[in-house]
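Visitor: Please take a close look at one part of this model: the charged side chains and how they pair. Then place that part in the rest of the fold.

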Amino acid sequence: MIIRILTIGDRMPAWVETGYNEFAKRFTTPFSLSLIEIPAEKRGKNADIARIIEHEGNKLIAAINPKSRVVALDVKGESWSTEALTMKLKTWQTEGAHLDLLIGGPDGLSQNCLQKAQTRWSLSPLTLPHPLVRIVLAEQLYRATTILKNHPYHRG
């Protein structure tokens with residue numbers, strides 16, 4: 001199963017890259033994880049935020065694989081336990097689906113992205129900084145895949 005994280009933002013601090021890479025490198029067959037970074041739009045003092053969100057959303061939608069299941073990371077989405085995520089991954093894997101997960105920029109996802117998604121997932125009711133989301137997401141996906149493989153990581 002190919003899992004892709006499509007995210008707005010391409011110049012992350014070293015701690016973000018290190019954190020994400022720590023989990024991404026652990027994925028093994030039949031799962032793979034990749035990160036597609038899309039540059040954020042410029043935000044100035046008088047920026048039109050609605051237009052920026054729309055432009056970023058269009059870029060995310062253009063990067064979606066048409067054959068993938070699309071999940072939008074959204075604070076208003078469903079909350080899943082690790083076990084629920086594991087069952088969803090198992091179902092999607094059985095269906096032969098690949099997965100594209102959308103992370104918005106500092107101002108969130110566009111309505112078009114939310115409508116394009118088959119599922120909306122909330123990692124937490126807290127508003128998390130979008131760079132941190134990719135690390136938490138990679139860790140939880142890795143944890144779920146280890147449960148499916150009966151690997152001991154998930155017990156820690």
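Guide: A residue is called buried under 20% relative accessible area, exposed over 50%, and partly exposed in between (1.4 Å probe, protein chains only). This is a predicted model, so local features need pLDDT of at least 70, side-chain atom pairs count only at pLDDT 80 or more, and totals for chains, interfaces and linings use all residues. Residues are numbered from 1 along each chain as its sequence is written, and side-chain values use heavy atoms, with hydrogens and water left out.

Start with the charges. The protein carries 20 positive and 15 negative side chains. Here Lys and Arg are the positive ones, Asp and Glu the negative ones; His and the chain ends are not counted. The centres of the two sets lie 3 Å apart. Each charge is placed at NZ of Lys, CZ of Arg, CG of Asp or CD of Glu.

Now the pairs. A salt bridge needs a side-chain nitrogen of Lys or Arg within 4 Å of a carboxyl oxygen of Asp or Glu. That rule gives 11 salt bridges. Take Asp100 and Arg4, which meet at 2.8 Å, N to O. Asp100 sits in strand E4 (residues 98-103) and Arg4 in strand E1 (residues 2-8). The two partners are 96 residues apart, and their pair links distant parts of the chain. Helices (H or I, at least four residues) and strands (E, at least two) are DSSP runs, numbered from the N terminus. Both Asp100 and Arg4 are buried.

Next, Arg134 and Glu37. Their closest N and O atoms are 2.5 Å apart, and they form a salt bridge. Arg134 belongs to helix H5 (residues 130-148) and Glu37 to strand E2 (residues 32-38), so this pair ties together parts 97 residues apart in sequence. Arg134 has a relative accessible area of 1%, so it counts as buried. Glu37, at 32%, is partly exposed.

Arg11 has 69% relative accessibility, so it counts as exposed. Asp10, at 31%, is partly exposed.

Back to Asp100. It has Ser68 as a contact (heavy atoms within 4.5 Å). Ser68 lies in strand E3 (residues 68-79). With a relative accessible area of 8%, Ser68 is buried. Leaving aside neighbours within four places in sequence, Ser68 also contacts His98, Leu99 and Gln118.

Strand E3 also holds Ala72. Its relative accessible area is 0%, so Ala72 is buried. Not counting residues up to four places away in sequence, Ala72 touches Leu102, Leu109, Leu114, Ala117, Thr119, Arg120 and Trp121. Ala72 and Ser122 are 50 residues apart in sequence, yet 8.5 Å apart in space, C-alpha to C-alpha.

The protein has 5 helices and 5 strands. From the N terminus on, their order is β-α-β-α-β-α-β-α-β-α. The radius of gyration is 15 Å, close to the 15 Å that the globule rule gives for 156 residues, so the protein is as compact as a globular protein of that length. That radius is taken over C-alpha atoms, and the rule is 2.2 Å times the number of residues to the power 0.38. The C-alpha atoms fill a box of roughly 50 × 30 × 25 Å along the principal axes.

Of the 156 residues, 45% are buried. Among contacts with a separation of 6 or more, 83% involve residues 24 or more positions apart.

Two backbone details remain. The peptide bond from Thr29 to Pro30 is cis, with omega near 10°. Pro30 lies in the loop between helix H1 (14-24) and E2. Asn150 is not a glycine, but has a positive phi of about 55°. Asn150 falls in the segment after H5. Its relative accessible area is 56%, so Asn150 is exposed.
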